Amino acid sequence: MSNPEILVLEDEALIAMDIEMTLAEAGFKQVSVHSNAQSALNRIDECRPMAAFLDFNLGNGKNSLTVAEKLKSHGVPFVFLTGYTDATVSLPNNLSDTKRIAKPFRSADLVKTINEMVPQA
């Protein structure tokens, strides 16, 4: 059920496209982009990804915590892409050690992180 796909949950279309292009340029051609948590959860059920980038704040008071918890339960590595720090948003204890990449981020930071999560052969 594992797939060489990278899941991206990002509600801002331009940021999502930037992430997708950055990953493609780094050699990750299978990227599944979602703008809401339910779509991402459905995709995880369909075909478990090998890693994920999750925007923390999905707008309208929604966040990606349910997706993060599902990924963690399946052992899928992921990071939060967020403008929030530990001081502004506390994560639940079971996710408190999750890596965060601050927005705005550099493409090089995404590539470094994905290569740490899933080293390519």
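This is a predicted model: local features need pLDDT of at least 70, side-chain atom pairs count only at pLDDT 80 or more; totals for chains, interfaces and linings use all residues.
User: Why is L23 called buried?
Analyst: Its relative accessibility is 0%. Buried means under 20% relative accessible area, exposed over 50%, and partly exposed in between (1.4 Å probe, protein chains only). L23 therefore counts as buried.

User: Where is L23, and what does L23 touch?
Analyst: L23 sits in helix α1. Helices are DSSP runs of H or I with at least four residues, strands are runs of E with at least two, and both are numbered from the N terminus. Not counting residues up to four places away in sequence, L23 touches I6, V8, F28, V31, F53 and I114. Contact means heavy atoms within 4.5 Å.

User: Why is V118 called buried?
Analyst: V118 has a relative accessible area of 13%, so it counts as buried. V118 is found in the segment after α4 (107-117). Not counting residues up to four places away in sequence, V118 touches I6, F28, M50 and A51. I6 is 112 residues from V118 in sequence, yet their C-alpha atoms are 9.8 Å apart.

User: What makes a set of residues a nonpolar core, and which residues touch the most other members in the largest one?
Analyst: A nonpolar core is a set of buried Ala, Val, Leu, Ile, Met, Phe, Trp, Tyr and Cys residues joined through side-chain atoms within 4.5 Å. The largest here has 19 residues, and L7, L9, L54, V67, L71, F78 and F80 touch the most other members. Two or more residues come from each of β1 (6-9), α2 (37-46), β3 (51-55), α3 (65-73) and β6 (78-82). A second, separate core of 17 residues includes L23, A26, L110 and V118. In soluble globular proteins, nonpolar side chains tend to be buried together.

User: What does L71 touch?
Analyst: Its contacts are I44, P49, A52, L54, V76 and F78, not counting residues up to four places away in sequence.

User: Why are α2 and α3 called roughly parallel?
Analyst: Their axes cross at roughly 15° and come within 9 Å. Axes are lines fitted to C-alpha atoms, for helices over the stretch in contact, and angles run from 0 to 180 degrees between N-to-C directions. Angles under 35 degrees count as roughly parallel, over 145 as roughly antiparallel, 65 to 115 as roughly perpendicular and the rest as oblique. So α2 and α3 are roughly parallel to each other.

User: Which residues make the contact between α2 and α3, and how do they divide?
Analyst: A37, A40, L41, I44 and D45 of α2 meet T66, V67, K70 and L71 of α3. They divide into six nonpolar, one polar and two charged. Ala, Val, Leu, Ile, Met, Phe, Trp, Tyr, Cys and Pro count as nonpolar, Asp, Glu, Lys and Arg as charged, and the others, Gly among them, as polar.

User: Why is α1 called oblique to α4?
Analyst: Helix α1 (residues 13-25) packs against α4 at about 60°, with the axes 10 Å apart. That angle makes α1 oblique to α4. The α1 side of the contact is D18, I19, T22 and L23, and the α4 side is S107, L110, V111 and I114. These residues divide into five nonpolar, two polar and one charged.

User: How do you know whether T82 is buried or exposed?
Analyst: T82 has a relative accessible area of 3%, so it is buried. T82 lies in strand β6. Leaving aside neighbours within four places in sequence, T82 is in contact with F56, R100, I101, A102 and K103.

User: Why do N60 and E46 count as exposed?
Analyst: N60 has 80% relative accessibility, so N60 counts as exposed. E46, in helix α2, has 55% and therefore counts as exposed too. N60 lies in the loop between β4 (57-59) and β5 (62-63). Phi of N60 is near 55°, a positive value in a residue other than glycine.

User: Which residues does a cis peptide bond join?
Analyst: K103 and P104, with omega about -5°. P104 is in the loop between β7 (100-102) and α4.

Definitions and conventions. Residues are numbered from 1 along each chain as its sequence is written. Side-chain values use heavy atoms; hydrogens and water are left out.
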